[in-house]
Amino acid sequence: MASLSLKHVYKVYDGTTKAVSDFNMEIRDKEFIVFVGPSGCGKSTTLRMIAGLEDISAGELRIDGVIVNDVEPGDRNIAMVFQNYALYPHMTVYENLAFALRTAKVPKDVIHEKVTEAARILGITEYLERKPRALSGGQRQRVALGRAMVRSPKVFLLDEPLSNLDAKLRGAMRAEITRLHERLGTTFIYVTHDQVEAMTMGSRIVVMKGGFVQQIDTPKNLYNHPANLFVAGFMGTPPMSFHPATMKKEGETVRISLDCGGEMTASYTTLNRVQTRYMNGIHPVILGVRPDDVVPWREGMAPDLWAKLPVTVSTVEALGGETLIYGHIGTAPHDNPPLSAPEDTPDSSPLSKRGAIIIKAPADYEAHSGGLIQAAVNLGKLHLFDRETEVSIKPRIPTENLIPCALTADALTFAGQRLPLPPALRGRKAAEGVAENAVPAILIPADALLLGTGSGRATVAEAETYTAQGVTRTLYRLTVGGEVIFATEAGEPRFSVGDVLPFDVDLSRVTVEAYGIHPLPAENRLSGRFTKEKELDDKGKRVYRFYLEMEDMPIPADPELCEKLFSCKGTAIFRAPLSYRFPPDAVTVTPRDKDTENTVLPGRVKGILDYGRVTYAEIDVCGKTVIAPYNGKAGEAVGLTLDQDRLTVVDAEVDIIIV
Ligand code: ADP
């Protein structure tokens, strides 16, 4: 039993090739985690770092709260099962199972008990006296699993364990491994390139691409709410089809015009998680449709739930239980080149096959190549992506709101609410280059809405609990003066559907582009180094003291931070150019005085930003600006104390987070 924590984990080969970048994850005890992604995306490397078979270039790996970066593989209490079984050919199955325990000098009777128990669970008792060569692939894989089981590890790591088996056996072994996980109640981490394996086995899935985590979520959430085009195309068979499109809001409906010529109309309610800025009829988006959500049109289907689209059939695949119809949207076959399955399934190059779509029809459905049928697309299940960033614009948890607004010298109005402007934002003029008739809009992060306080009034339309990085949070859909606004906060719901509640907005975090209003930086950055000095201690003994040198000003480093820096980089830390990063509220500012002169970072207040709820100071630190909560006067000499627990240290040369 074990929990794992990976923080800013990197793997760099030869000082330059980043195989894994900034991997962050909290794995709970007993979870079944699957790493999935195309070949070369860094799955195995991550698994091997957890196993200790590969050094961690930067970052922190904890098992049950203990940092294990430098712990030998044999001492991590982890067992790994490989694709090629790695059995000893000259030993019997029994000896293979017993080997690790014998080497660990476990008493014979205990070994016997563990081996027979593992063999019984895995159904290989009758093969215990055989050599591996006299076993089938599936049986060998069971022995490999058994070898891991007898050691009663805290964590099971499995690297593509089923890829050498044929399809039928793979299916059976998948179910067996899932049962084994339930029975053992141990944390499993499983690597595969096969998304079906990932979807059927994982309690949570990590989708990777090019060394970067794309999304971490449950199979259901990944399928229903892919975070970007890559995840959308990678998960699900047959794959989602993608259609370049634009959207236009017309009253309570939204017209979706596909570049291939098709058109559908959805109610605004079904798309209320999509920001209205995508609905101006111009912004290029990509519409994604899963074959599961397209069926042949039937008379009587509700037009607010289903969109009717003409589809010219290219290929029909009768699969017995159902029929897959490959075609393209539109009535004129000569407009679009004919498609044929499976080479022309939309996944190979999402946007090249204009209008290609797959329909899931009942087994007895009659369709013929070249024929025209009417398809029904489930409007509630549409996926939408920004065409440039490829990020989902209909996320499960919206992170921001963009709402038309108006600004006077001392107040901000949006969605029928009038918020007085704090001194920091008063008297703003329209930024240069903003057209006079353009409607300004305010961008409010969902977690910058402060509920239960303030002069705004909102009605709760929906409250939903979700988990992010192991923390319970609540998403509210609010109605505010006819606009939909999303708000998120930590914890269980405090308000119920129908509640009318006051709200405020943290105006230090909003953007109003038209008036040059930008959020305060979420992070301060100072460059520097990590240094040591030989000094005399109280008893006159020579000792080393360590310093964080920021913009050439040294401040004493906390022992815990020193330890982390050394454990990641050894003495090379003294040579690395560093970037120190910290949020404004990790800084305590005090007027400068003699007592603290040598332990604080000296600065001078340049300006005061009064946001009403909190006042921040812009502080000059050797030519760099640091933002921190402080209510003082311009020109004042101050000292900055950093909460070193909240400091991020980046190796500036290779742009890798060290701690
Ligand atoms: P996956 O398991 O997802 O197929 P890997 O974790 O094996 O991918 O590899 C990730 C990347 O790291 C690949 O680009 C691979 O070429 C590279 N890589 C793996 N091992 C080494 C190595 N020993 N030296 C240099 N590059 C490596």
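The accessible surface of the chain comes to about 30400 Å², and 50% of that area belongs to carbon and sulfur atoms. Areas here follow the Shrake-Rupley method with a 1.4 Å probe, and for residues only the protein chains shown count as cover. The model is predicted: local features need pLDDT of at least 70, side-chain atom pairs count only at pLDDT 80 or more, and totals for chains, interfaces and linings use all residues. Residues are numbered from 1 along each chain as its sequence is written, and side-chain values use heavy atoms, with hydrogens and water left out.

**Whole chain**

Start with the C-alpha trace, which spans about 85 × 80 × 45 Å along its principal axes. Switch to a cartoon to see 9 helices and 39 strands; these are DSSP runs numbered from the N terminus, helices being H or I of at least four residues and strands E of at least two. Of the 659 residues, 49% count as buried, where buried means under 20% relative accessible area, exposed over 50%, and partly exposed in between (1.4 Å probe, protein chains only). Among contacts with a separation of 6 or more, 67% are between residues 24 or more positions apart; a contact means heavy atoms within 4.5 Å.

Next, colour by charge. The mean positions of the 74 positive and 83 negative charges are 4 Å apart. Lys and Arg count as positive and Asp and Glu as negative, leaving out His and the chain ends; each charge is placed at NZ of Lys, CZ of Arg, CG of Asp or CD of Glu.

**Domains and cores**

Colour residues 4-231 as domain 1, 237-386 as domain 2, 400-515 as domain 3 and 524-657 as domain 4. These bounds come from an automatic or database domain assignment. The centres of domain 2 and domain 4, taken over C-alpha atoms, are separated by 55 Å.

Select Ile-177, Val-207 and Met-235: within the largest nonpolar core, which has 45 residues, these touch the most other members. A nonpolar core is a set of buried Ala, Val, Leu, Ile, Met, Phe, Trp, Tyr and Cys residues joined through side-chain atoms within 4.5 Å. Leaving out residues up to four places away in sequence, Met-235 touches Val-36, Gln-195, Ala-198, Met-199, Ile-205, Val-207, Leu-222 and Arg-290. A second, separate core has 37 residues, including Leu-412, Ala-458, Leu-501 and Ile-627.

Select Glu-31, in the loop between β2 (17-27) and β3 (32-36). Is Glu-31 buried or exposed? Glu-31 counts as buried because its relative accessibility is 6%. Beyond residues up to four places away in sequence, Glu-31 touches Glu-26, His-181, Thr-186, Thr-187, Phe-188, Ser-203 and Arg-204. Gly-202 lies 171 residues from Glu-31 along the chain, with their C-alpha atoms 8.2 Å apart.

Move to Thr-92, in the loop between β6 (78-81) and α2. Thr-92 has a relative accessible area of 11% and is therefore buried. Apart from residues up to four places away in sequence, Thr-92 touches Leu-128, Glu-129, Arg-130 and Lys-131. A C-alpha to C-alpha distance from Thr-92 to Arg-133 gives 9.7 Å across 41 residues of sequence.

At the other end of α2, select Lys-105, in the loop between α2 (93-103) and α3 (108-122). With 71% relative accessibility, Lys-105 counts as exposed.

Then select Ala-148 in helix α4 (residues 137-149). Ala-148 is buried, at 3% relative accessible area, and is in contact with Ala-79, Val-81, Pro-153 and Phe-156, leaving aside neighbours within four places in sequence.

**Stops further along the chain**

Pro-238 sits in the loop between α8 (229-234) and β11 (241-250). Inspect the peptide bond from Thr-237 to Pro-238: it is cis, with omega near -15°.

Glu-390 belongs to the loop between β20 (383-386) and β21 (400-407). Glu-390 is not a glycine, yet has a positive phi of about 65°. Its relative accessibility of 34% makes Glu-390 partly exposed.

Finish at Tyr-616, in strand β35 (residues 615-621). Tyr-616 counts as buried at 13% relative accessibility. Which residues does Tyr-616 contact, leaving aside its neighbours within four places in sequence? They are Ser-508, Leu-520, Pro-584, Gly-607, Ile-608, Leu-609, Tyr-611, Ile-627, Ala-628, Pro-629 and Tyr-630. Among these contacts of Tyr-616 is Ile-627, listed above as a member of the second core.
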